[in-house]
Amino acid sequence: MMLLLLVLTSQEWTQWRGPARDGVVPAAQVPAAWPKELKSKWKVAVGGGYSTPVVAAGAVFLHSRSGESETVSRFSLASGKLEWTKSYPAVFNKNSYAKAMSKGPFSTPVVREGRLYTLGVTAILSVWDVRTGCLLYTSPSPRD
């Protein structure tokens, strides 16, 4: 999966489908005139999954998959530079009917009050410090 970001506004997009969870950019944030052609500011290669990026605190946060691990990453909104990344094992065996689909993650992160919340494919909730990437909390595995 490639992450392609067009920086059009300073609006924070801290959860799935944006500030109001409706996919709408407030009218005050929409440019009065659109350029004839949009130009990407940056792009980076990232892992797989169905999670969407979120934007907060001048950064883009992404929850993705690489092999048998899930990865949480912070990129600079302005430059696309990787600021931190954390990985953890997330072994997941899929049902035979879904072999062609990704192994996740399926849930989009949420940013709130300096914390990034992720829900992994193995149903473990993790809480990260948005500045440092320090893991603040991990829920017990539902298998325990």
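Tutor: A57 is partly exposed, at a relative accessible area of 46%. The term covers the range between buried (under 20% relative accessible area) and exposed (over 50%), with a 1.4 Å probe and protein chains only. The model is predicted, so local features need pLDDT of at least 70 and side-chain atom pairs count only at pLDDT 80 or more, while totals for chains, interfaces and linings use all residues. Residues are numbered from 1 along each chain as its sequence is written, and side-chain values use heavy atoms, with hydrogens and water left out.

Now the backbone. A57 has a positive phi, near 55°, and is not a glycine. A57 sits in the loop between strand 3 and strand 4. Strands here are DSSP runs of E, at least two residues long, numbered from the N terminus.

Four strands make an open sheet in the order 3-4-5-6, and their pairing is antiparallel. Pairing requires that DSSP finds at least two bridges between two strands. At the edges are strand 3 (54-56) and strand 6 (82-89), each of which pairs on one side only. On average, neighbouring strands of this sheet are turned by 20° against each other, direction ignored. For such angles, axes are lines fitted to C-alpha atoms, and values run from 0 to 180 degrees between N-to-C directions.

Look inside the sheet. Strand 4 (residues 59-66) and strand 5 (residues 69-76) run antiparallel and are joined by eight bridges. Follow H63 across: V72 in strand 5 stands opposite.

Now move to another loop. A123 lies between strand 8 and strand 9. Its phi is positive too, near 65°, again in a residue other than glycine. A123 counts as partly exposed, at 42% relative accessibility.

Five bridges tie strand 8 (residues 115-119) to strand 9 (residues 125-129), and the two run antiparallel.
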